[in-house]
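I hope they are handy to read with the structure open beside them.

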Amino acid sequence: MASKRKYKTLTLKEKLDILNRKMASKRKYKTLTLKEKLDILNRLERGESGKVLDIAYGVDTSTISDIKKCTGRIKSSPPSPAYLYSRRYRNSAVKTKAIKNYNTDKNTMDLKGKVALVTGGASGYGREYCVELLKQGCKVSICDINSDAGEDLLHELSKQAQDRVIFCPCDVTDYQQYEEAFQTTISKLGGVDIVINNASVMNDRLWELEVDVNLNGVIRGLLLAFRFLGRDRGGPGGIVVNGGSSCSTHPFVSLPVFTATKHAVAALTRSYGDPYHVNLTGVRVIAVCPTPTETALQGDARKRLMSGEYEQAWKRDTGNTVPVKNEFVAKSMVDLIKKAPSGSSWLIENSQAPKEITLFP
Ligand SMILES: NC(=O)C1=CN([C@@H]2O[C@H](COP(=O)(O)OP(=O)(O)OC[C@H]3O[C@@H](n4cnc5c(N)ncnc54)[C@H](O)[C@@H]3O)[C@@H](O)[C@H]2O)C=CC1
Ligand SMILES: CCCCCC(=O)/C=C/[C@H]1C=CC(=O)[C@@H]1CCCCCCC(=O)O
């Protein structure tokens, strides 16, 4: 018998069985990820044998059969939350690149004596933008729907800036009021060179208002900027800075409508910032997209979400966030006004140089 066994040639099936048994003896439990299961189904559909796949994935033949039986369920499974919220998934959707040479000194905008109109300028980032622009030697028109906060800020800033700052009550959902803010600024401060389209609402329960402020308000601001600043209309040219958000680059699953408005802001910036428009109007268009501040993270999120059931998603959206400081965002924004190319949108994360966002390259 022993001499006969020596010369036995094994079939491929026998070899695979032996290999399988060896693998199985080494194997303990192995949990396959959804991606691995989908890969296995794809390979089976392409005609690969289960025997090859069980070795490749280190599982039993019965696991491969089970996966085959559950094809429908596996194919309709959503990706795991862990994957959806992973850096890998987000980076696969949007690319950011640090622009090394955006610091070039040529074509730098000199801010001294320029007039800036800041919507939503009475609080949050807008307030900090006003402070920083005044420090840079600009004249500033604080435009806000909240007249109490606007008058208070005017009072505070006038101590230093005196006649370089004014307050204009202005609701950006109302074209006429927004237009009057431009006219008042021009008559009191001598012109408009910089428009900061910053006013915003984050509340998906008020989604129509949200769209009207965050998207339509930005469109109104752009159209008015072209009308009053456009060289083709006898204006001086200048720059519009649109208020995006870190959710201009990836979805906040808990705030779908808010996310859509901020994606749209980046898209508008890209189109209106194109050299075609800049050559026509002399108005550069950029967007700043900061990560959330401490205050945005701390409030009662349930009041802002379309459904109480989205609270889990909110926790995931915000869980890994390092809050950014208003002053840091304002300094970065001013730097971008001076140097960023038209059409670009910039992610601002805490203590990091702004990174340019590439949407749908
Ligand atoms: N706070 C945050 O965590 C982040 C904010 N952003 C963006 O930065 C910008 C400013 O946000 P925050 O300073 O946090 O907001 P905020 O809520 O502190 O201030 C918004 C200002 O806009 C004003 N406003 C609201 N509706 C208006 C309207 N219809 N017309 C005129 N003014 C109106 C409010 O009165 C308020 O003064 C927004 O575009 C926002 O989306 C982006 C990323 C993170
Ligand atoms: C995870 C939060 C994402 C915030 C991103 C963002 O773009 C913030 C937008 C701000 C614009 C208008 C707002 O109302 C947002 C600020 C929210 C401040 C919350 C203050 C706390 C509270 O009153 O609930």
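1. Let me start with helix α10, whose buried residues pack against α9 (124-135), β3 (139-144) and β4 (165-169). Those buried residues are G150, L153, L154, L157 and A161. Buried here means under 20% relative accessible area, exposed means over 50%, and partly exposed lies in between, with a 1.4 Å probe and protein chains only. Contact means heavy atoms within 4.5 Å. As a reminder, an α-helix has 3.6 residues a turn, so residues three or four places apart point the same way.

2. A word on conventions. This is a predicted model, in which local features need pLDDT of at least 70 and side-chain atom pairs count only at pLDDT 80 or more, while totals for chains, interfaces and linings use all residues. Residues are numbered from 1 along each chain as its sequence is written, chains are lettered from A and ligands numbered from 1 in the order in which they are written, and side-chain values use heavy atoms, with hydrogens and water left out.

3. Back to α10, which covers residues 147-161. Its 15 residues reach 19 Å from first C-alpha to last, close to the 21 Å expected at 1.5 Å a residue; the expected span is 1.5 Å times one less than the number of residues. After the helix comes Q162, with a positive phi near 45°.

4. For the chain as a whole, I count 17 helices and nine strands. Both are DSSP runs numbered from the N terminus: helices are H or I with at least four residues, strands E with at least two. Of the 361 residues, 44% are buried. Among contacts with a separation of 6 or more, 71% join residues 24 or more positions apart.

5. V172 places a backbone N or O atom 3.0 Å from a ligand 1 nitrogen. Alone, ligand 1 exposes 830 Å², and the protein buries 82% of that; accessible areas come from the Shrake-Rupley method with a 1.4 Å probe, and for residues only the protein chains shown count as cover.

6. Ligand 2 is surrounded by 14 residues, the closest being S245, F252, F258, R304 and T318. A polar side-chain atom of S245 lies 3.1 Å from an oxygen of ligand 2, and a side-chain N or O atom of R304 is 3.1 Å from a ligand 2 oxygen. Of the 610 Å² that ligand 2 exposes alone, the protein buries 72%.

7. How many disulfides does the whole structure hold? The search finds zero, a disulfide being a pair of cysteine sulfur atoms within 2.5 Å. C170 has its closest cysteine sulfur in C143, 5.1 Å away, which is too far for a bond. For C247, also in no disulfide, the nearest cysteine sulfur is that of C289, 8.8 Å away. C170 is buried at 5% relative accessibility, and C247 is buried at 0%.

Note on methods. Polar contact = N/O pair within 3.5 Å; in protein donor to acceptor, adjacent residues only side chain to side chain. Near = heavy atom within 4 Å.
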